[in-house]
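Me: I'd like to learn how to read helix packing and sheet pairing in a model like this one. Can you walk me through it?

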Amino acid sequence: MDLPAPPTNHPKPLSSVILRRRRPGINKCSASQQRLVSPPPLPRHHSLQLLRPDPPGRAQSVVARSGRTGTVAAPPLPMTTPAPNPTIRRLDVASPVPADIDIANSVEPLHIADIAAELGIPPEHYDLYGKYKAKVLLSVLDQLQGQQDGYYVVVGGITPTPLGEGKSTTTVGLCQALGAFLDKKVVTCVRQPSQGPTFGIKGGAAGGGYSQVIPMDEFNLHMTGDIHAITAANNLLAAAIDTRIFHENSQSDKALFNRLCPPNKEGKRRFADVMIRRLIKLGISKTNPDELTPEEVRRFARLDIDPASITWRRVMDVNDRFLRKITVGQGPEEKGMVRETGFDISVASEIMAVLALTTSLADMRERLGRMVIGNSKAGEPVTADDLGLGGALTVLMKDAIHPTLMQTLEGTPVLVHAGPFANIAHGNSSIVADKIALKLVGKGGFVVTEAGFGADIGTEKFMDIKCRYSGLAPQCAIIVATIRALKMHGGGPDVVAGKPLDHAYVSENVGLVEAGCVNLAKHISNTKSYGVNVVVAINKFATDTDAEMEAVKNAAMAAGAFDAVVCSHHAHGGKGAVDLGLAVQRACESQAEPLKFLYPLESSIKEKIESIANFYGASGVEYSEQAEKQIEIYTKQGFSNLPICMAKTQYSFSHVPSMKGAPSGFVLPIRDVRASIGAGFIYPLVGTMSTMPGLPTRPSFYEIDIDTATGKVMGLS
């Protein structure tokens with residue numbers, strides 16, 4: 001396949017890529033990382049000067065960017081030589097690559113106000129959370145509404161090993177290449193990691209090596225408290241459910257109504273605003289509580305929740321297998337109202353999915369209010385607003401809706417927002433972060449966002465769920481591949497977290513790689529069906545050979561990839577992903593097809609499930625009796641027009657993790673079907689999926705500690 005020639009202002013050889021820019025007193029790297037580079041003259045195409053509003057107490061600076069539309073209304077300054085980007089940091093890399101946390105701790109981040117100023121965000125549109133994090137307010141979209149969007153790139157991967165194949169690292173490394181070496185305005189959009197995996201077995205999600213988000217410890221631990229807000233909101237709703245059942249079981253209709261609508265000092269009653277929503281749902285037009293008939297009082301006051309139908313569980317952001325099933329209501333004051341329930345991990349909460357898919361504060365209020373927690377005994381869906389809680393949940397989430405601005409090791413900006421799991425939710429960061437980023441980078445800039453796990457899960461949900469709700473369409477999709485994973489798919493031994501790799505993975509075996517490329521080819525074919533250009537990023541490890549990587553490139557091009565590029569961003573930072581950046585730029589510039597969805601929303605629930613099953617390679621779908629029942633209920637309740645979010649293992653196209661490569665002809669079993677009505681999707685459960693991970697025998701927390709002399713965190717990965 002003939003590739004289009006690279007743009008004339010971005011020559012191919014790495015040696016000709018511009019190396020630049022260090023402003024004394026701002027880029028405070030450790031001594032081992034400082035590399036004084038005299039910035040060469042900027043190319044001619046740097047002709048646009050923009051006045052950037054600086055944070056209070058800082059001198060106003062002029063920033064020149066290549067071919068970008070300004071995001072702040074300001075006249076060009078009469079200058080002949082543009083000023084360099086003051087936030088780019090040049091790294092000296094060490095070999096072998098030090099531990100992630102050691103690299104992260106060796107670089108002092110810039111004040112986040114510098115990153116915001118360079119990105120064009122005025123101080124009134126962000127709130128500082130310490131020195132290195134800031135919440136970017138949604139109000140910035142009002143200022144940027146006339147700005148043209150930049151290029152939109154999604155990063156997925158082949159079916160991974162349990163060790164992960166480096167999607168986050170590739171996402172960060174690509175952005176460092178685009179911003180620090182190719183002089184593009186770029187924003188990285190990634191999810192916030194859960195503390196469950198951080199302290200469990202996977203570790204954090206800040207990237208790795210010389211391609212990381214920093215401060216790495218703040219990124220992986222608490223950040224700005226969004227997950228804690230989700231936990232609080234989720235558990236408030238859980239408490240309200242059991243409490244409402246308790247009060248309804250112990251009070252008459254009149255007593256219940258009197259407590260829900262008590263008279264004030266003047267003896268007058270009123271409905272709270274959220275109660276009006278319930279009255280409208282019931283078809284009751286009266287707004288004076290005293291005018292309701294006894295039958296209307298009963299319908300309004302009694303939710304009559306069927307305990308067996310409750311799907312809402314409590315959450316916490318820790319892996320705790322012993323909370324997967326619990327019994328509540330055992331205290332004597334609960335009068336024998338005992339029921340079985342359990343805990344999920346916080347990022348599995350529907351509120352997290354709502355946060356990721358919302359488009360505004362008003363939209364989030366509506367989504368939170370219409371979350372369905374179960375059914376009444378008559379089979380009607382019961383929502384958070386029925387419980388009177390939609391507004392309170394929104395209040396708890398009012399700060400969490402704003403994305404968090406951070407930075408990479410090389411000083412490029414990052415928006416961190418939301419963190420839904422990809423195997424049990426849609427696994428993508430937020431729509432609002434992407435929309436803000438696309439406006440900030442403007443025409444010719446790049447927004448790179450990561451979709452969780454393999455492209456069969458994360459990228460499919462990005463396209464069919466996230467893009468449907470956002471109205472955005474990517475110009476390029478990246479598939480991250482490793483020699484290690486391809487060998488596994490070619491028939492190599494099992495890869496087990498915590499155990500040394502088999503000899504097959506650290507010695508050359510081109511045949512094993514070629515056999516495993518069927519998995520890569522299937523992901524390429526699937527992703528191309530959406531109408532986007534596909535670039536394969538071969539994430540290079542030290543033991544990979546040239547012959548093995550050449551085999552992957554040949555297989556990728558034969559499968560229809562736009563390009564296939566070897567990357568060494570883990571070992572070299574942005575410099576190791578420059579060729580990937582050039583390929584992505586060419587792919588975006590040549591993109592012409594409209595986005596194509598896998599299925600129309602008008603299709604039935606079963607038709608949509610079967611479209612996705614066919615996408616995996618299945619020959620058919622088998623529904624359990626429970627799944628059939630739930631599909632019938634959701635269809636009757638009017639939810640059949642929602643997109644589908646498959647809850648499936650990430651380790652195979654099929655439902656069986658051990659089925660590697662590109663299996664076909666299997667029958668996909670749907671054991672249950674559930675709904676996240678507030679988030680806006682139906683999620684079938686394929687096989688057994690855990691929503692509360694457990695801790696291994698030797699969790700990651702054994703290595704995590706703090707240097708009490710410096711206050712620096714040690715041992716995070």
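Reply: Helices (H or I, at least four residues) and strands (E, at least two) are DSSP runs, numbered from the N terminus. This is a predicted model, where local features need pLDDT of at least 70, side-chain atom pairs count only at pLDDT 80 or more, and totals for chains, interfaces and linings use all residues. Residues are numbered from 1 along each chain as its sequence is written, and side-chain values use heavy atoms, leaving out hydrogens and water.

Me: In what sense do S21 and S22 pair, and over how many bridges?

Reply: Strands of a sheet pair through backbone hydrogen bonds, either parallel or antiparallel. Here S21 and S22 (residues 667-676) run in the parallel sense, over four bridges. Glutamate 622 sits opposite proline 669 in S22.

Me: What is the strand order in the open sheet?

Reply: The order is S21-S22-S23, three strands with mixed pairing. S21 (620-623) and S23 (681-686) are the edge strands, each pairing on one side only. From one strand to the next, the twist averages 50°.

Me: Which strands does H21 touch?

Reply: Contact means heavy atoms within 4.5 Å, and angles run from 0 to 180 degrees between N-to-C directions, with axes as lines fitted to C-alpha atoms, for helices over the stretch in contact. H21 (residues 605-616) packs on the sheet and touches S21, S22 and S23, its direction making about 130° with that of S21. H22 (residues 625-636) also packs there, touching S21, S22 and S23, at about 40° to the direction of S22.

Me: How do I read the angle between H8 and H10?

Reply: Under 35 degrees counts as roughly parallel, over 145 as roughly antiparallel, 65 to 115 as roughly perpendicular and the rest as oblique. H8 (residues 253-260) and H10 (residues 294-301) pack at about 65°, axes 9 Å apart, so they're roughly perpendicular. Asp253, Leu256, Phe257 and Leu260 in H8 meet Val297, Arg298, Phe300 and Ala301 in H10. That contact has six nonpolar, no polar and two charged residues (Ala, Val, Leu, Ile, Met, Phe, Trp, Tyr, Cys and Pro count as nonpolar, Asp, Glu, Lys and Arg as charged, the others, Gly among them, as polar).

Me: And at what angle do H7 and H11 pack?

Reply: H7 (residues 226-250) and H11 (residues 350-357) pack at about 130°, again with axes 9 Å apart, which makes H7 oblique to H11. Ile227, Ile230, Ala233 and Asn234 of H7 make the contact with Ile351, Met352 and Leu355 of H11. By class, that's six nonpolar, one polar and no charged residues.

Conventions:
Pairing = 2+ DSSP bridges.
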